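Student: I would like to learn how to read this structure. Please take me through it feature by feature.

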Amino acid sequence: MKVAVIGSGTMGHGIAQLAAMAGCDVSINDVSEELLNRAVERIRWSLSKMNEGGKLKENADSIMSRIRVNVSLNDVLNGVSVMFEAVPETLDLKLRLFRVADELAPHDSLLATNTSSIPITEIAEVVQQPERVIGMHFFNPPQLMPLVEIVRGKKTSDNYVNKAVDISKQFGKEAVLVNRDVPGFIVNRVLARLMNTSCVLVTHGATTIESIDSALKYRLGFPMGAFELADYSGIDVFYLVFQAMKERGFMMHECPLFEEKYKRGELGIKTGLGFYKYPEAGKYHRAVISTEAGTNVDLAMLVSSAINEAIWLVREGVSEPRDIDRATKLGLGYPQGILEIGNKIGMQKIMNALNSLRELTSWDEYEPDSLLQEIVLSGAKLT
Ligand code: 3HC
């Protein structure tokens, strides 16, 4: 299968690597040779790490031999079966690219976007056959996170949905279907709530960044704390994703910490400074977080808005409880799904915590969802 990946950043280079590991011939496109060379370096690093961990079925050089880079869109789109778009999260840029892809890629090829937040239907509007436009949302690092959210636009056909599911399987991933392309889909909506509430608890003086991260890691078993994850994937990435979601009706009073960091250019690991400080900009390094710091953090307060969001997704028919739990486990590495965590803590406690957050902030987004209220009244469980 001939594959084009447009955009060679964190997600683009990872998707290209997955495609090459699955045996596809891959061409990566970006606006400069320098960016493309950096992508190749990152793929080499990742392959050597995977090789050390015994995760490769083939040697790294033969995988690399299936990867080409090219600054010409015309060349990379010629004769492809699938295009993955992974350019920055700007609607104009994506629309421009999809118009070109519509012209240059074969008419039966699948046009997939890795957008984190922009509805697929908006992107598909500029394509003559919108049935072939789909969201295939990977998670950072794409090489290691097992989830792909498959997001249908209003006009995406079953045929292309099935194709996207097959490709995810070929790439060794698990697909979760998102029935409606609400901004942020499943995982980023849940994560936006968790990150924003973490931030609210810090700015209201209830706790510290390290305490929040320690509680998430060592008491809930998450692979990374909320601030640690922001640093890891890029504070700019989350800031822009949250803006795009808000512009499309996601109700969230953004806590100022993310914006301050974004404006100061303190973006996390990539700049050497974010919520934590790192020894070398751009080099994978884990923040040091003490195990004891999170002992007194109120877990119900911390996760309540993420659970409320998951319940909203169920009530709105965006996804099933089981798939939401699968998505949060596979996309974020949680040991239990977000709804399972809610059941474990107790939905009554979750509702009380939301009411406290609402009192603290006066923000309507903390109002317990009507389905949560029903669950608490009836004692039923979402499964
Ligand atoms: N390729 C290959 N290997 C990699 C890698 C990559 N891209 N990144 C890290 N590794 C390696 C590390 O170098 C390390 O190898 P070593 O032991 O030889 O040094 C190994 O993987 C394991 O790393 P660590 O021991 O540091 O850490 P973990 O066991 O915690 O695993 C992790 C790392 C998989 C990143 C894990 O911490 C995790 O799951 N974190 C959560 C990530 C997450 O939530 N992602 C989703 C973000 S949201 C998103 O992407 C959506 C978007 O739209 C915003």
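Student: Which residues come nearest to the ligand?

Tutor: A residue is near a molecule if one of its heavy atoms lies within 4 Å of it. Of the 24 residues around the ligand here, Ser46, His137, Asn140, Tyr284 and Arg286 come nearest. Keep the ground rules in mind: this is a predicted model, where local features need pLDDT of at least 70, side-chain atom pairs count only at pLDDT 80 or more, and totals for chains, interfaces and linings use all residues. Residues are numbered from 1 along each chain as its sequence is written, and side-chain values use heavy atoms, with hydrogens and water left out.

Student: Which element gives the most to the shell around the ligand?

Tutor: Helices (H or I, at least four residues) and strands (E, at least two) are DSSP runs, numbered from the N terminus. H2 gives the most, with four residues. Elements giving two or more residues include helix H2 (33-52) and helix H14 (321-332).

Student: Why does the ligand lie between the domains?

Tutor: Domain bounds come from an automatic or database domain assignment. Domain 1 (2-178) and domain 2 (185-383) both give residues to the shell, so the ligand lies between them.

Student: Which cysteines form a disulfide?

Tutor: A disulfide is a pair of cysteine sulfur atoms within 2.5 Å. By this rule there is one disulfide. It joins Cys199 and Cys255, with sulfur atoms 2.3 Å apart. Cys199 lies in helix H8 and Cys255 in the loop between H11 and helix H12 (256-264), so the pair ties together parts 56 residues apart in sequence. The link is left-handed, with -65° about the S-S bond.

Student: Are Cys199 and Cys255 buried or exposed?

Tutor: Buried means under 20% relative accessible area, exposed over 50%, partly exposed in between (1.4 Å probe, protein chains only). Cys199 and Cys255 are both buried. Ser290 is partly exposed, at 27%.

Student: What about the backbone? Which residues does a cis peptide bond join?

Tutor: Most residues other than glycine have a negative phi, and most peptide bonds are trans. Here a cis bond joins Asn140 and Pro141, with omega about -5°. Pro141 sits in the loop between strand E6 (133-138) and strand E7 (147-152).

Student: Where is phi a positive value?

Tutor: Phe185 is one of the cases, with phi near 55°. Phe185 is buried, with a relative accessible area of 0%. Ser362 has phi near 60°. Ser362 is exposed, with a relative accessible area of 58%.
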